[in-house]
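Please take a look at the sequence and model shown here.

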Amino acid sequence: MQTAPTAAPTGRGVLAVLGPTNTGKTHLAIERMVAHDSGLIGLPLRLLAREVYERVADKVGAANVALITGEEKINASGHARFQVCTVEAMPDQTDAAFVAIDEVQLAADLERGHIFTDRLMNLRGRQETMLLGAATVQRTLQELLPGLDVVTRPRMSILSWAGSKKITRLPRRSAIVAFSADEVYAIAELIRRQRGGAAVVLGSLSPRTRNAQVALYQSGDVDFLVATDAIGMGLNLDVDHVAFAQDRKFDGFTHRRLTPAEMGQIAGRAGRHIRNGTFGVTGNAPPFDDELVERLETHQFDPVRVLVWRNRRLSFASIGELRASLEAASESRLLMKSFPAPDLVALGTLADDAEVSGLCRSESDIRLLWDVCQIPDYRKISPGEHADLLRSIFLDIARHGRVREDWFARQVEMTDRTDGDIDALSARIAHVRTWTYLSHRAGWLADAAHWQEATRQIEDRLSDALHESLTRRFIDRRTSVLMKRLRENAMLESEISPSGEVTVEGHHVGRLMGFRFTPDNAASGPDAKAAAGAAAKALAAEITRRAERLGAAANGDIALGSDATLRWLGEPVAKVVAGDDVLRPRTVLLADEQLTGAARETAHARLERWLAHHIATLLKPLVDLAADESLAGMARGLAFRLVESCGILDRRQVAADVQALDQAARAGLRRHGVRFGAFHVFVPALLKPAPTGLIALLWGIRRGDTDVAGLAEVPALLAAGRTSFPVDPAVPREVYQLCGYRALGPKAVRIDILERLADLIRPALAWKPAAETPAPPGAVDGSCFVVTPAMLSILGATHDDMEQVLKGLGYRGEKLAEAEALARMSRPQAAAPAATPDATATAAAVAADEAPADVVAVEGTPIDGTPLETVSAEDEKTVTLWRPGRPARRQGRPPRRNAAADGEARQERRPPRQARPGKGARKPDGDAGKPRPAAERRPPRPATVDPDSPFAKLALLKARLEERDG
């Protein structure tokens, strides 16, 4: 490998001021520089360069200081006494009286170290040269620069370990450090949601954006700063705590863990001047081990043993010789050859291009090529794309003497847009930085001054737009203002609008709904608590006034929702919960703790009265039934069961009880609107939308679940006038009955419609063939019936639906051949009634009020219920006849306790029966087979009068008339 002789640099007249962070090194250099008639200072970051430029300008005046960075030049005509530069922008030689280079320990950096090494070895001031940096580089500098004077400075404040904390628990005035833009943005977003917001500082930000973000933090508008390791390079901020959210970074070559020295440089930003600082970890970063903590607190780090170096004695005789001179190694063991930098990679790519190499015919052409290759890749795109850009620039300058104006104008114009998100704006700033750099290269543009101003204005507009985007995304303005006022111990003014919107200091913090304050979802963290505390006094007074107004509110101002919530003027004020019974639920106020004492009692009592009145109005029959003490015995029990079942009972379940009622008891129940139907005992007045909806809601409240399927949908179908509809399997059958329907097979049919169906079936079953009157529609022989169009019409059902409905009601079907069915139906039929009820149907409905429950459910075979039509089954036409099912055991009969004892009792009451033939006994002699005499026969059982029959009514009326006449 070729080696280049390295001139022995000297350290005579050079002062190295070394030490940890917060030792005042940069401040010392500024003071020393302005004490000379001219000076030059090089800094590691353009953000820091901008900060130092402003500090120097404040001391000596803006006209006497120049700022020179790769893409920004202010007052760079050469007449300024003092120059503030990035290290890369420092000239190779200077006549300045004073020269300072900051953060010289970066000479060991693999990517940029060769530039720092070159400057500290070769750049000297006429009167004074100062090197600033960490103590880790002291030994190497002293060996590399013989005669170097070294001064170490101690840290002015104490730096201590604070452990691991959640991001939401970090103290105020904290800086959170991460090493990628995505991670920085994610942390800033979290802090915005939890703590109000954070300023964002990245090395890629323009100075204008960075200064605006830092100003937000320094002014106290936000208490948190999220940054990359850019803050570790001398940025002076009022930071009390530094939290590492990551401890690994990508250094341009690989992902690696930060060295203790790098961590110390960043952690040292905590605590400025004599104010102590702390450091720790947060997020997913693991806690530091004890050894590392001790090294950071005592600033003891491994020394830098070698510096990164690249040959500055370049040969421009040919591209090959230029590359060889750039890749030469140093003879000094203290200087390590640098890795291929982006400019050297670009040179290798362009050297392989035939068109480019063909234009490099002289030393000046090769110098131009090398100057073009040193254009920084601000866009951070791939090396190939960056090389393509450099190729276009070189070809233009080599052929035309400068970059083509039209091409350059198009490139600049594409960046002059302020729309888009943070990433889009950042990308445009990176692009315009490239064009700004080109505009500051002498002789590369025809009108360089114009393009310098144009690109600066575009960068300023983009920077302002980026700052606004960062602020909108990562800072809650309301929160920042509130927190700032709290820190100033100012009284926060709160206000409640008529609509309940609550504002503190003009910022919306929540809404008062009824008697509850709901904070704004965007508010969280200590600012939300502070805002709520500031609003508490105004809320307490407003809540008390609202309670008093509710106590005098009209009934129409209060409503009960389907979610069991009581609303006053549309706002929730209470929840209805289960009480002692279904008709007496309780109310629970939805109120904050500010509603207390008499005001709370007033509001609660008013809501209790309204709820009781509402139930008593809509469910008056049930309420009266429950309160009627004149009902006694079986009537009282039946009334209780009606109330418990919300006004509807299956008659089969209470058949024995209904049978046992006398006429007076029935009259007492009818007084409250109770109807004794063929299939149900129910209250027709409750089969209306409003009562049904309330019943369904009270049932859900009693059950503890108002979201039961169908609880809101079925009452809506009733309100729409639906007499039947398909059954939803997800809806419990109990819900159908509560809402006035009965689920029968695939159909849910309204209960009063089923009673009308009974009115059509009853005459068909009561008619006898021996009667002289014509057979009613559907009658066959008095024991069965067929389905008529009128039956289908009132149910809105098909024949298949009717089959399931009749089976559910307890009827059983029988298929007969067509000829046999027609023979049984040969009697003349009466005309079928119309689908709409007439006077006769109304009379039948009234008579049905006393219809006996004479049908029960039995098992049946699914058959077609097509009336008066035939069904072909294997070429044989059939007709379906329907008849009541077999009576079940009468309900209410007590179970037998001892079957053997019952058998003995029956034997005592009856004479012994002779064994029948064929049952194992001898056939008696003599009168065997003759009927027994009448005296020996079992006496007939006395007939039991059915109190539901019309004959019983006539007998009762006749008895009363005889008593009156007598």
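In this predicted model, strands β12 and β13 (residues 224-227) run parallel and are joined by three bridges. Val 200 stands opposite Val 226 of β13. Helix α6 (residues 207-218) packs on the sheet and touches β11 (174-177), β12 and β13. The direction of α6 makes about 140 degrees with that of β12.

The sheet itself is open and has six strands, in the order β10-β17-β14-β11-β13-β12. Its pairing is parallel. β10 (159-164) and β12 (199-201) stand at the edges. Each has a single partner strand, so one side of each lacks a neighbour in the sheet. From one strand to the next, the twist averages 25 degrees.

| Strand pair | Bridges | Direction |
|---|---|---|
| β12 and β13 | three bridges | parallel |
| β33 and β34 | four bridges | antiparallel |

Two residues lie between β33 and β34 in the hairpin. In the turn, Gly 745 has a positive phi of about 65 degrees. Leu 744 has Lys 747 of β34 as its bridge partner.

In a regular strand, side chains alternate between the two faces of the sheet. Is β33 (residues 741-744) covered on one face or both? Both faces are covered. Tyr 741 and Ala 743 are buried on one side, Arg 742 and Leu 744 on the other.

Helix α27 (residues 751-766) holds Asp 759. Asp 759 has a relative accessible area of 7%, so this residue is buried; the cut-off is under 20%. Its side chain makes a polar contact with the side chain of Arg 762, at 3.3 Å.

Methods:
Residues are numbered from 1 along each chain as its sequence is written. This is a predicted model: local features need pLDDT of at least 70, side-chain atom pairs count only at pLDDT 80 or more; totals for chains, interfaces and linings use all residues. Side-chain values use heavy atoms; hydrogens and water are left out. Buried means under 20% relative accessible area, exposed over 50%, partly exposed in between (1.4 Å probe, protein chains only). Two strands pair if DSSP finds at least two bridges between them. A polar contact is a pair of N or O atoms within 3.5 Å; within protein, one must be able to donate a hydrogen and the other to accept it, and residues adjacent in sequence count only if both atoms are side-chain atoms. Axes are lines fitted to C-alpha atoms, for helices over the stretch in contact, and angles run from 0 to 180 degrees between N-to-C directions. Contact means heavy atoms within 4.5 Å.
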